Each structure stands twice: as C-alpha cells, then as structure tokens.
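Please examine the sequence and the structure shown below. The paragraphs that follow lead through them step by step.

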Amino acid sequence: MPVFDLSQTPLRELNSALHKLGQGANDTAFEVINPRGSHSVAVGIDSPVTVEVKGSVGYYCAGMNDGGTVTVYGSAGPGVAENMMSGTVVIEGDASQYAGATGRGGLLVIKGNAASRCGISMKGIDIVVHGSIGHMSAFMGQSGHLVVCGDAGEALGDSLYEAKLFVRGTVKSLGADCIEKQMKPKHLAKLAELLQQAGINDVKPEEFKRYGSARKLYNFNIDNADAY
Amino acid sequence: MCGIVGLFLKDKTLEPQLGTLLSDMLIIMTDRGPDSAGIAIYGGTVAGKAKVTIQSAEPAVDFAGLEADLGKVGISASAIVKSTHAVVEIDASRLADIRAIFADIRPNVRIMGSGESVEIFKETGLPKDVVARFDLRSMSGSHGIGHTRMATESAVTTLGAHPFSTGADQCLVHNGSLSNHNNLRRELIRDGMTFETQNDSEVAAAYLTAEMAKGKDLGQALTSALDDLDGFFTFVVGTKSGFGVVRDPIACKPAVMAETDQYVAFGSEYRALVNLPGIETARVWEPEPATVYFWDHEKAA
C-alpha cells in the first residue's frame, strides 16, 4: 500500500500518483499520514481507489471525486467533497462550511457536525450527517438527498429546487420557498437505504421530517407576467 | 483573505514560549496574507509603569537621543529599539499625555499601541521577515494575537497592517471587510475618538474601545458589535487580561479554535494550530456565527 507522509512529501506527488492510476491498476489502497490541515488532499480522483487520511485536512479535500473512496480520520476544512461526481467520502470528525457543495453524485458521510452551507447548490449528491448542520444549508439545492440526524441551522433549503432534505432534530428556520412535506413510503425507503449506507443503525427513518421546495419561487407564475 | 492567529495561555509555564508559538502560527498563515504582518503580545506588567510602542520610517533619526529628549520634558523613560519600532517604558501616570508629547518632540513617529502590558509590532513584508525583524520569537507573555494581511480596503502600509490598537492595552485583528465603517467613523469622531488611517478594521477597534469606555466588558462590547457593525468579520481581540473572538452572522470568514488545559488558540485554519503542544488531544471546534467567545485571566483567577 503506498503511504504518503505529507510532512515529508509534497502534496502534488500524492495527487499525481492518484491521477496516474490506469485501468486495472492493482495498487489502489493509499494511506496519507500527517496531513496537518493541508489543502486539496486527494482532489480529482477519477478511479475506484481507496484513500485513508490519518489526521485533519484543510480546504477542498476529495474535491471532484469521481469513483474513489476517501476516509478522513479527523476533521475537514471548508469545501470537503466539493463537486463530487461519484464515490464515497467519509469524515470521521467535523466538517467546516460548504461540505459537499455543488456535488453531482456519490455519498458524503460526516460523522460529526457540519458547519454552514452544507450541500449548497447540491446537484445529485447524497449527504448524511450524523450530527447537526449550520445555517443556509442546501441553499438552491437542485437534486440529491441531505440527511441530518441532529439539528439544522437557520434558513434551511433557501431557494430550494428539487433536493430532498430530511432532518431528525429541530430546524431553526426554513429558508424562502422551503416547506415541510409529507413523508411517503418511498421517502422512508430511500431514507432507510441512505442511513444503512452511512452505517447508522440506531436511528429509524420514521424519526425524520421531510422538507422540500414549495415550487413557488422557481416556477413562472402567469399572474406575474405584467411584472416583467 | 487575511490570516488570523491568537493564543491565550492558561498554563504559566508556557509563557516563555508565547513568541515562538505565535510566530510559527503566523508564518503558516503566510499564504492567506503575504502583504504585511503584525503581532500584539501581552508581556506582563511592572507596577507603576506603562509601555508605548512607537514606529518610525526613519528610526536612526527618530530614536536617536529619545530617552534624553523625553527627560528634557520631564518624562523618565527607557527605550528598547527593535528595527523600525521602539518600546518606551514610562511612568504609568504619564500615559495620558504621552501622545501629545511625542507629537511635539518626535512628530514623525506613529504610536502603534500603549498600555501597561501590550507591545505591538507590525510592518509590510512577509510574515517570516516581520518575525525576524522584531525578534518576535524571543518574546514571552500571557497572550497574544497576530495577523497576516491581504489588503482589500486600504493601502499596503505599516499603519494599514494589523493589529489595530485604539485604547490602552486593547487591540484587534480582523479578517473580512466592513461596509458601514465610514458612517461609524464619523460617529466615533464626534464622540472624541481619533483615527490614524482610513482602514475599516481600525473603526472596529475604535468602536470596541468606545463601548468598553462606557463600562462594558470585552464580551459585552463584542455582543454590541454584532448589532452595530455591518459586513464580513472574524475578529480576535485582546485586552490586558482578556481574549475574545466573534464572527458575523454569515460567518464566511474561516475560524478554528482549540482548547486544552494549557491554552485557548485561534487560527483562520487548522494548519495554524498543528504545532501547538497537545493539539492531537485538544478540543477543536469552529466558532459559531454571531456568538461571542471570551476568556479573561482575571475572571478565571
């Protein structure tokens, strides 16, 4: 297993090695030690590689991940798994602001808390947070699922499109055009699947409330035609 | 951008290392702010004495014969020159009129800060060069704050660097930009505050000084700031015995804190904290938006 000690090795060597892996490569389990808050650890992965990061990372860890499995045994700075395409990113600690921003696919699991703007402009990513999330989360979320086992901060789902939000605890306030919606069997089934994928066994889907778009903000209303 | 660091020691045995620890934290934050850097260190007090940190563009001229010239106007002083700055120790009773005296005998020096405990050093240039120029590593103290600047709101000059000090033993570093600083500056000038620069962060410092002059403690002054300051900010503030942190409600300027039995530390990023002793087992968290955090040596004691 290749081991990269970021206190000795430049970050670019790690990321180049990850990018160079060809089809059918065998050595696909990487370990990163002493990340010491480095930025851009394991960004741009485009093959089914496994990366275990032993420590806390800075900005944009696992950004643009496409097919890799990245686990951070520590906390992550702003923009973890930003614009993920596919694969899995697991943060054992907390995540700073805009975790999973603009993500198009894959699964982001945060075992601690996430700060503000979690899942901002999400476009298909699934995000499961064991703890709580900060304000303005899922702002303009277009598709995908955000599952929060704890509480949500102010203005959840502001200007929401079709991302589906599930919160188990309290929501400090809902953003513009975000409303609580009925939990249907298909939602409970999806929630059970996401909880299981995120390794959460002690929480039932029935304990969550579902939030989504009222669809008044992003749909053209003919009564407003004179305003344009 | 801009980088902020702060360290408030609970364990007195770490005090001789304060300068070294803060210097390392500051240098790691170089890529957040390579324009200028500054540090304020609270180095302890001597009964009846006060310190004034002054700066000159021509230290060879302005600092020559300074002690003698102060003596001629009745101020017994001892000055320690460090590059472009000098720390002048005087009787605490003369602190009130020292600004006017410097304006008279050394019109070209600028006062960086004054008080019983604080010393402030700031200059343009890379943080590592600023640290070396003032030999910041050798300094000891109970708490200190530092800043690396990427200028947005005013020119890259010594006076535009942080920390800003607008009251005795008070100082502030800021990451962000204020949008109502011109109006607030006018109001504060009307209330008798004076300003050295057009910088928005100096207004925040002066605002807190004015609020504390009304009898508020640091925590209460920071709470008022949330109502009265408009814009983006993460502030770290020092007083003679206290250390405070506040972020605006939007909280897009980054902040990480760590606490152990030995210290409370602040960094714009976790990277700034990685060399601190015991960081592996410290409680590390991101300060909440619109929430005031402060610690005080005197209140803790």
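Is B:Arg110 buried, partly exposed or exposed? With a relative accessibility of 30%, B:Arg110 counts as partly exposed; buried means under 20% relative accessible area, exposed means over 50%, and partly exposed lies in between, with a 1.4 Å probe and protein chains only. Before going further, note that this is a predicted model, in which local features need pLDDT of at least 70 and side-chain atom pairs count only at pLDDT 80 or more, while totals for chains, interfaces and linings use all residues. Residues are numbered from 1 along each chain as its sequence is written, chains are lettered from A and ligands numbered from 1 in the order in which they are written, and side-chain values use heavy atoms, with hydrogens and water left out.

The side chain of B:Arg110 forms a salt bridge with that of B:Glu196, at 3.2 Å from N to O. A salt bridge is a side-chain nitrogen of Lys or Arg within 4 Å of a carboxyl oxygen of Asp or Glu. B:Arg110 lies in strand β6 (residues 110-115) of chain B and B:Glu196 in the loop between α6 (181-190) and α7 (200-213), so the pair ties together parts that are 86 residues apart in sequence. Helices (H or I, at least four residues) and strands (E, at least two) are DSSP runs, numbered from the N terminus. B:Glu196 is also partly exposed, at 32% relative accessible area.

A second pair in chain B is B:Lys51 and B:Glu119, whose side chains meet in a salt bridge at 3.1 Å, N to O. This pair links strand β3 (residues 49-55), which holds B:Lys51, with strand β7 (residues 118-124), which holds B:Glu119, and the two residues are 68 residues apart. B:Lys51 is buried, because its relative accessible area is 11%, and B:Glu119 counts as buried at 13%. Chain B also has a network of salt bridges that links B:Asp31, B:Arg32, B:Glu269 and B:Arg271.

A:Glu207 is in the loop between α2 (185-197) and β11, and A:Arg168 in the loop between β9 (164-167) and β10 (178-181), 39 residues apart. A:Glu207 is partly exposed at 33%, as A:Arg168 is at 34%. Over all chains, the search of the whole structure finds 24 salt bridges.

How many salt bridges are counted between chain A and chain B? The count is zero. The rule does find nine residue pairs in polar contact across this interface, both residues being at pLDDT 80 or more. A polar contact is a pair of N or O atoms within 3.5 Å; within protein, one must be able to donate a hydrogen and the other to accept it, and residues adjacent in sequence count only if both atoms are side-chain atoms. The contact (heavy atoms within 4.5 Å) takes 13 residues from chain A and 14 residues from chain B.

Finally, consider a residue inside chain B. B:Phe8 lies in strand β1 (residues 3-9) and counts as buried at 4% relative accessibility. Not counting residues up to four places away in sequence, B:Phe8 touches several residues, including B:Ser142, B:Phe243, B:Val264 and B:Trp295. B:Phe8 and B:Thr239 are 231 residues apart in sequence and 11 Å apart in space, C-alpha to C-alpha.
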